[in-house]
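Subject: Structure handover

Hello,

Here is the structure I promised to pass on to you. Please have it open while you read, as the notes below go through it piece by piece.

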Amino acid sequence: MRADMERGRDASLRPTVIRAAVLGGIAAVIGVVLGLLIHWFPAQGSTQSHTIDTFWDVLIICSVPIFVLVVTTVLFSVVKFRMRPGEEEIDGPPIHGNTRLEVIWTAVPATILIALCAYAYIVLHDIEKAPAKSLGPEMHVHVIGRQFTWAFEYTGKDGKKFTTPQLYVPEGRSVRFDVTTEDVLHDFWVPAWRMKIDAVPGITTHYRITPVKTGKTKTYPVVCAELCGLGHAFMRQTAHIMPQKDFDAWFAKQSQGGGAAAGGGAAAGGAAGGANTAAGKQVFASNGCAACHTLSDAGASGTVGPDLDKVLASQNAAFIKQSIVDPNAVIATGFQKGIMPTTFASQIKAPDLDALVKYLYTVTHK
Ligand code: CUA
């Protein structure tokens, strides 16, 4: 009797199941097509981008139909097996499991998951592997995060290090980034490269990419992707992609200038007195001041902090020095405490600091 009833119910359900399956199929196709048509990411700025984007597309193709299947089944059940008036006292049929169904719904998802994990592992291995030796030596850049700016440290041919506030990398050459932080957690991210990694206090993290230009685009935004304090949203700089020849010229020029400012050169410049402000200008550049401040002499147009051309014009050297080593002592109108790093007092050597103050005073008092 009960078997007859269930057979009858199965037969009456069939058209509804078929209709739901057809609707689900259409929804899945629309979902997958939309998922593939939408441009989720910016231009592909590295040779790794393509591999990662393909992986993303495969995930869309696999996950959208599964999402639709689950939602369709839930909606179907809610509509079809809902309680109708007069059924308040009636229990549903007793069901004691269905081994075949349970084996299927365990084995199929497990197979899909294992396959996707294997593919993900292959993609990760592919994008992290070191470049072939035949392509020449890999470029190294030390990325330093601090509240609230990135600094990019390069090692010149003579072993001397120099730091720049913007990132410069040669086109088509593998670059390895060693990422550190001087204070809290940050996250080094260039969306066009698709790679991102945390800057973690106490350890050095790494990743590598091979930058490429897309069309006429030669610059990509560098952002911080880890909430790191009040100025987190301003921790944005630029990655410049240069042809190897231009990069070599830039690198040679920086190696000379940077060496002078980092070593005793600045001290000598300061001691010599006179109107020489080149050393101070270099200190301004190597400490990333341009990321936040406007200063026409340095070609800086940052707007995170006060416009130095304006606010320093009426100030003396002592005030300028205080504003660098103790930035919260006096806050310019319209700005907030706690945005400018307080680490410059310990980070900039005394002779360099004097050179910087002299430079800022000179160029804002013309
Ligand atoms: Cu640094 Cu957010």
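What follows is a short tour of what was found. Please keep in mind that this is a predicted model.

**A pair of helices**

Let me start with helix α8, which covers residues 317-325, and helix α10, which covers residues 350-364. Their axes come within 9 Å and cross at roughly 125°. That angle makes α8 oblique to α10, and the crossing is a right-handed one.

Which residues bring α8 and α10 into contact? On the α8 side they are A317, I320, K321, I324 and V325. Facing them from α10 are L353, D354, L356, V357, L360 and Y361.

**Salt bridges**

The salt bridges come to nine in count. Three of them are described here.

One joins R208 and E138, whose side chains meet at 2.6 Å from N to O. R208 sits in strand β8 (residues 205-209), while E138 belongs to the loop between α3 (99-128) and β1 (139-146), so this pair ties together parts that are 70 residues apart in sequence. With a relative accessible area of 15%, R208 is buried, because the cut-off for that word is under 20%.

Another salt bridge links E182 with R146, and here the closest N and O atoms are 2.9 Å apart. You will find E182 in the loop between β5 (175-181) and β6 (186-190), and R146 in strand β1, so the pair ties together parts that are 36 residues apart in sequence.

**Two spots in the backbone**

Where does the chain have a cis peptide bond? Look at the step from Q147 to F148, where the peptide bond is cis and omega is near 0°. F148 is part of the loop between β1 and β2 (149-155).

The other spot is R194, a residue other than glycine with a positive phi, near 75°. R194 is placed in the loop between β6 and β7 (195-199). Its relative accessible area is 12%, so R194 is buried.

Finally, have a look at L13, which lies in helix α1 (residues 2-37). L13 is buried, with a relative accessible area of 13%. Which residues does L13 touch, leaving aside those up to four places away in sequence? They are F76, K80 and F81. As for L101, which is 88 residues from L13 along the chain, the C-alpha atoms of the two are separated by 18 Å.

Best wishes

Definitions and conventions: Residues numbered from 1 in each chain as written. Predicted model: local features only at pLDDT ≥ 70, side-chain atom pairs only at ≥ 80, totals over all residues. Heavy atoms only, no water. Axes fitted to C-alpha atoms, helices over the stretch in contact; angles between N-to-C directions. Helix = DSSP H or I, 4+ residues; strand = E, 2+ residues; numbered from the N terminus. Parallel < 35°, antiparallel > 145°, perpendicular 65-115°, else oblique. Left-handed = near helix turned anticlockwise from the far one by under 90°. Contact = heavy atoms within 4.5 Å. Salt bridge = Lys/Arg side-chain N within 4 Å of Asp/Glu carboxyl O. Buried < 20%, exposed > 50% of the residue type's maximum accessible area, 1.4 Å probe, protein only.
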